[in-house]
Amino acid sequence: MNTTTTALETESAAGGSPDPIDSLPATFRWGVATSSYQIEGAVDEDGRTPSIWDTFCRVPDAVHKGDNGDIACDHYHRMPQDVQLIKSLGVDTYRFSVAWPRVQPHGRGPVNRAGLGFYERLVDELLTNEIEPWVTLYHWDLPQELEDAGGWPARDTAYRFADYAMMVFDKLQDRVDTWTTLNEPWCSGMLGYAYGAHAPGRRDFEAGIHAVHHLLLGHGLATERMRAAARSPKDFGITLNLGTATPLTDSLLDREAARRADALGLRMYLDPLVHGRYPEDLVEDLAKRGVAIPVLDGDLRQISVPFEVLGVNFYSGSVFSGVDEDGNTEDALGRPVDRVVPRQVPVTAMGWEIVPEEFTKLLVRLSRDYPGRPIVITENGAAFDDEADENGFVQDEDRVQYLAEHVRAVARARTAGADVRGYFAWSLLDNFEWAYGYDKRFGIVRVDYDTQVRTIKQSGLWFRDVIRRVRGQ
Ligand code: FCB
């Protein structure tokens with residue numbers, strides 16, 4: 001059975017109406033995405049020093065089964081073959097991240113030419129194969145020494161980041177036109193410092209808020225310096241993980257819970273980046289928790305320097321209530337209740353609700369509230385409990401369905417006025433899924449971790465075919 005057409009035909013069969021995917025223009029940008037620590041391995045080769053993730057993986061019980069990125073997908077040694085794999089999918093863009101501790105060991109001092117050399121070879125290989133490189137400068141692998149000096153809650157880290165960004169930019173700007181500063185500052189700041197689920201594993205809400213501000217400052221500093229040094233026009237940007245926060249009911253308590261979640265998850269980033277101010281309601285919410293954003297004179301101007309492309313990573317959305325299961329509206333510390341209420345909808349292997357219609361809503365809202373910023377979906381995808389046959393092939397109907405519904409959601413958002421220019425699948429490969437280790441597989445290509453053999457899944461074939469179809473090939 002050819003499932004590639006099955007998933008696409010579902011839509012037409014259901015209503016006899018055309019598939020929204022066919023409304024995407026032939027110029028729409030298609031890509032696959034990865035990140036350094038999740039795929040590279042080779043953690044102590046060519047002068048790379050440990051990042052906060054190398055350290056965190058050694059903390060007992062921090063990562064599922066004690067997994068780590070020491071070998072991961074061994075991409076550092078298999079890069080040319082992986083580029084061929086990317087080529088075979090027919091995408092035009094590959095989004096990857098650069099590992100700071102490879103390029104500037106210890107987070108300070110001179111460039112490490114051997115480490116940067118790897119990314120030069122990768123970029124050259126991509127260009128030779130007519131794949132456009134899309135660089136993300138920071139996808140969470142902070143050099144451990146910078147964490148020891150205070151990490152992102154310390155203001156100095158923003159300046160260190162800008163120095164590092166310039167090292168990469170100087171070397172690669174002649175070959176790379178799109179530059180993303182940060183991947184998901186909410187995750188780096190809040191999961192890393194406030195909630196302890198990610199490296200470096202701190203559980204200090206105030207430290208999380210300080211980290212977010214300094215990440216945004218680092219974005220602004222790096223963007224301004226790179227732009228000033230650019231010898232040709234470049235697209236600069238940042239990638240945010242954005243979801244939707246829907247109130248459970250129309251009650252004031254539920255609406256307030258959703259508002260707080262939206263302030264902390266979305267507006268805390270986009271308001272300063274685009275409008276040059278933090279949301280007033282957020283500042284008040286934080287003040288009630290005794291926390292202030294450490295803004296110094298000039299910071300908001302720095303954070304809101306212009307950028308060309310907003311990267312959006314979307315996976316799910318949540319419903320919020322301001323009342324807990326026992327009817328309380330405050331927790332033991334007297335803080336308002338923010339309860340996520342599960343919906344009766346299908347979930348992925350991560351337990352994330354599958355809500356593509358919310359994706360459409362989000363994108364339309366972004367173009368309305370933050371106009372003039374073209375959007376590219378820099379990540380979207382799903383983990384499912386894949387089962388490989390004797391040839392390593394995975395017939396992942398669930399992932400095909402997830403991707404098809406979300407690409408449709410993007411197409412619908414465009415029809416409704418959202419300026420979305422591209423869509424990148426997360427992820428090219430099964431890889432090290434942070435605190436979930438290798439247990440959760442997001443790839444459209446399966447990786448057998450015993451042999452490092454890569455096998456394109458049904459979803460990868462589907463993706464390839466959709467791209468061809470939209471391009472009219
Ligand atoms: C995003 C991360 C990416 C991956 C996906 C599943 O938050 O950017 O590295 O972990 O989630």
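How many nonpolar, polar and charged residues does the shell around the ligand have, by class? The shell has five nonpolar, four polar and three charged residues, where Ala, Val, Leu, Ile, Met, Phe, Trp, Tyr, Cys and Pro count as nonpolar, Asp, Glu, Lys and Arg as charged, and the others, Gly among them, as polar.

This is a predicted model, with local features needing pLDDT of at least 70 and side-chain atom pairs counting only at pLDDT 80 or more, while totals for chains, interfaces and linings use all residues. Residues are numbered from 1 along each chain as its sequence is written, and side-chain values use heavy atoms, with hydrogens and water left out.

**Ligand site**

- Around the ligand you'll find Q38, H139, W140, N183, E184, N313, Y315, E379, W426, E433, W434 and F442 (a heavy atom within 4 Å).
- For polar contacts (N or O pairs within 3.5 Å), H139 puts a polar side-chain atom 2.8 Å from a ligand oxygen.
- E433 has a polar side-chain atom 2.9 Å from an oxygen of the ligand, and a side-chain N or O atom of W434 is 2.9 Å from a ligand oxygen.
- On its own the ligand has 290 Å² of accessible area (Shrake-Rupley, 1.4 Å probe), and the protein covers 95% of that.

**Helix pair**

- Helix 10 (residues 205–229) packs against helix 11 (residues 252–275) at about 35°, with axes 11 Å apart; helices here are DSSP runs (H or I, at least four residues) numbered from the N terminus, and axes are lines fitted to C-alpha atoms over the stretch in contact, with angles running from 0 to 180 degrees between N-to-C directions.
- The contact (heavy atoms within 4.5 Å) takes in F205, I209, V212, L216 and H219 of helix 10, plus L264, M268, Y269, P272 and L273 of helix 11.
- By class, that contact has nine nonpolar, one polar and no charged residues.

Terms used
Polar contact = N/O pair within 3.5 Å; in protein donor to acceptor, adjacent residues only side chain to side chain. Helix = DSSP H or I, 4+ residues; strand = E, 2+ residues; numbered from the N terminus.
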